[in-house]
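Please look at the structure first and then read on.

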Amino acid sequence: MTGSELLAAAVRRLGAAGIEGAPRDARRLLAHALGIAPERVSLILPDPVGPAALTAFEAAVARRIAREPVSQITGGRDFYGRRFRVTCDTLDPRPETEALIAAALERRFGTVLDLGTGTGCILLTLLAERPEAEGLGADLSPAALDVARGNAAALGLAERARFLRSDWFASVTGRFDLIVSNPPYIAADEMAGLAPEVRDWEPHLALTPGGDGIDAYRAIAGGAAAHLVPGGTVIVEIGASQGPAVAELFRAAGFARVTVRPDLDGRDRVVVAER
């Protein structure tokens with residue numbers, strides 16, 4: 001079969017399985033099976049696909065029909081122009097998190113702490129954009145920390161990025177210019193309504209703290225002042241309805257300048273708290 005025939009058949013199968021964006025996913029999976037960049041798929045569509053690539057592609061399509069995320073099938077996801085390894089132990093880096101990156105890059109910082117670092121995409125992006133900075137990524141999951149360390153090495157940032165197993169601030173020492181976090185913020189009663197790709201494949205520890213979904217912000221707001229230099233800033237990603245509640249937590253913790261900022265779709269996405 002040619003690449004074109006394979007792609008068309010895969011799009012039909014994915015669409016029948018209820019996969020949104022079936023054409024996009026099919027192209028990414030075919031590129032992965034062929035070991036080429038997705039933008040080069042069009043060039044090979046007229047050509048026959050060899051047996052090894054065919055087998056790999058069929059297996060990848062079957063995994064996607066089972067609602068496994070494309071990033072876990074291919075092993076990586078692009079974020080802010082860089083490639084990050086992704087596994088079932090980490091959240092998939094998402095475009096909306098770039099709102100946090102944009103807010104952070106408006107500020108001067110030489111040291112940064114990333115709480116719940118996961119793949120390390122936030123910390124490592126900030127370090128890559130600020131070559132003079134160094135940082136610490138903390139996470140409760142040893143497996144996630146292994147992924148983050150690997151991403152740091154792959155991006156040439158291992159000398160400026162350290163990683164530590166910690167339950168929020170519990171094992172963190174020192175003070176930082178900037179504290180960032182994309183913590184778990186989905187309320188317990190919202191979990192059942194998530195897409196299967198998220199609910200069934202991403203780590204629940206990184207998705208929800210249980211209860212009302214804002215326990216992580218309580219921990220961050222309560223401990224941030226002790227780990228910030230004077231004039232330091234905390235920036236956290238939030239769910240679209242959580243802005244007022246999270247902002248109030250930081251005000252109650254003594255942060256005088258607290259703002260809620262939207263993402264590119266106009267939804268509340270980031271809380272910025274300045275000490």
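Glycine 116 sits in the loop between β3 (111-115) and α7 (121-129); helices (H or I, at least four residues) and strands (E, at least two) are DSSP runs, numbered from the N terminus. The model is predicted, so local features need pLDDT of at least 70 and side-chain atom pairs count only at pLDDT 80 or more, while totals for chains, interfaces and linings use all residues. Residues are numbered from 1 along each chain as its sequence is written, and side-chain values use heavy atoms, with hydrogens and water left out.

Leaving aside neighbours within four places in sequence, glycine 116 is in contact (heavy atoms within 4.5 Å) with Ala138, Asp139 and Trp168. An unreviewed UniProt entry lists residues under "binding site", among them Gly116, Asp139, Trp168 and Asn182; such annotations may be inferred rather than shown by experiment.

Asparagine 182 belongs to the loop between β6 (176-181) and α9 (196-199).

Arginine 64 is part of helix α4 (residues 51-65). Its side chain reaches the backbone oxygen of glutamate 68 at 3.2 Å. Beyond four places in sequence, the contacts of arginine 64 include Leu14, Asp25 and Glu197.

The table gives the exposure classes: buried means under 20% relative accessible area, exposed over 50%, partly exposed in between (1.4 Å probe, protein chains only).

| Residue | Relative accessible area | Class |
|---|---|---|
| Glycine 116 | 29% | partly exposed |
| Asparagine 182 | 19% | buried |
| Arginine 64 | 6% | buried |

Notes: A polar contact is a pair of N or O atoms within 3.5 Å; within protein, one must be able to donate a hydrogen and the other to accept it, and residues adjacent in sequence count only if both atoms are side-chain atoms.
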